Amino acid sequence: MTAGRSRSRVPPQALVARAARVRLVLLDVDGVLTDGRLYYGPEGEALKVFDVRDGHGIVMLRDHVEFGVVSGRPGQASLRRLEELRVRHLVFGERDKLAGYAKLAHLGVPDDEVAYMGDDVNDVPLLRRVGLAACPADACEEARGAAHFVARSPGGRGAVRELCDLVLRAKGIASP
């Protein structure tokens, strides 16, 4: 997907400029890497579904930028998938996304070089702080209003891939 086909709230050239500066991509999990639904197994364990396209986007971009998660919910299913994808910076159980973001300050990445994709009202303060704010197509109205980039795909169904593709293109990195 090109920046011109997204539902971007900023002009395409400005969106590409923001994406080109990105050195750290942060993601929410529920509603962004997943569709937000929770499944419970017979032992009470939470099960989540992750889209392979989102994962492949992370794989293509992870050698060029750092990846992290700021999530309000802890979970073994999320941790397992993020370990597979070699996402290194993990903040779980932090509903206050700015507080979670503060836990990553040691990385030394300025706000304008951070992209964050969130989908709900608790993501809005962090969306307003970073250089490239993104959300899935099915994010709440407040999150869409704070985003520079609104993916055409819903959470857990390719939205993260669209963000990764945008950053790859902006940095002039060819997809394999």
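Predicted model: local features only at pLDDT ≥ 70, side-chain atom pairs only at ≥ 80, totals over all residues.
Figure 1. Helices (H or I, at least four residues) and strands (E, at least two) are DSSP runs, numbered from the N terminus. Two strands pair if DSSP finds at least two bridges between them, and contact means heavy atoms within 4.5 Å. Axes are lines fitted to C-alpha atoms, for helices over the stretch in contact, and angles run from 0 to 180 degrees between N-to-C directions.

Residues are numbered from 1 along each chain as its sequence is written. Local features need pLDDT of at least 70 and side-chain atom pairs count only at pLDDT 80 or more, while totals for chains, interfaces and linings use all residues; side-chain values use heavy atoms, with hydrogens and water left out.

**Figure 2. Strand β1 and its two partners.** Strands of a sheet pair through backbone hydrogen bonds, either parallel or antiparallel. β1 pairs with β4 in the parallel sense over four bridges, and four bridges also join β1 to β6, again running parallel. Leu27 stands opposite Val69 in β4, and the bridge partner of Leu27 in β6 is Met117. Leu24 has Val114 as its bridge partner in β6. From β1, Leu24 and Leu26 point one way and Val25 and Leu27 the other way, and all are buried. Buried means under 20% relative accessible area, exposed over 50%, and partly exposed in between (1.4 Å probe, protein chains only).

**Figure 3. Strand β7 beside β6.** Strands β6 (residues 114-117) and β7 run parallel and are joined by three bridges. Ala115 has Leu132 of β7 as its bridge partner. In a regular strand the side chains alternate between the two faces of the sheet. In β7 (residues 132-135), Leu132 and Ala134 point one way, Ala133 and Cys135 point the other way, and all are buried.

**Figure 4. The crossing of α1 and α8.** Helix α1 (residues 12-20) and helix α8 (residues 159-170) have axes that come within 8 Å and cross at roughly 85°. That makes α1 roughly perpendicular to α8 (angles under 35 degrees count as roughly parallel, over 145 as roughly antiparallel, 65 to 115 as roughly perpendicular and the rest as oblique). Leu15, Val16, Ala19 and Ala20 of α1 make the contact with Leu166, Val167 and Ala170 of α8. The contact residues divide into seven nonpolar, no polar and no charged. Here Ala, Val, Leu, Ile, Met, Phe, Trp, Tyr, Cys and Pro count as nonpolar, Asp, Glu, Lys and Arg as charged, and the others, Gly among them, as polar.

Figure 5. Asp28 is placed in the loop between β1 (24-27) and α2 (29-33). Asp28 is buried, with a relative accessible area of 6%. The side chains of Asp28 and Lys97 are joined by a polar contact of 3.2 Å. A polar contact is a pair of N or O atoms within 3.5 Å; within protein, one must be able to donate a hydrogen and the other to accept it, and residues adjacent in sequence count only if both atoms are side-chain atoms. Not counting residues up to four places away in sequence, the residues that Asp28 touches include Val70, Ser71, Tyr116, Asp119 and Asp123.

Figure 6. Glu113 lies in the loop between α5 (97-102) and β6, and at 19% relative accessibility counts as buried. The side chains of Glu113 and Arg23 make a polar contact of 2.5 Å. Leaving aside neighbours within four places in sequence, Glu113 is in contact with Arg21, Val22, Arg23 and Leu24.

Figure 7. Val32, found in helix α2, is buried, with a relative accessible area of 0%. Among the residues touched by Val32, not counting those up to four places away in sequence, are Leu27, Asp54, Met117, Pro136 and Val160. In helix α3 (residues 52-61), the buried residues are Asp54, Gly55, Gly57, Ile58, Met60 and Leu61. Their cover includes β1, α2, β4, α4 (76-84) and α8. Asp51 caps the N-terminal end of α3, with a side-chain oxygen 2.6 Å from the backbone nitrogen of Arg53.
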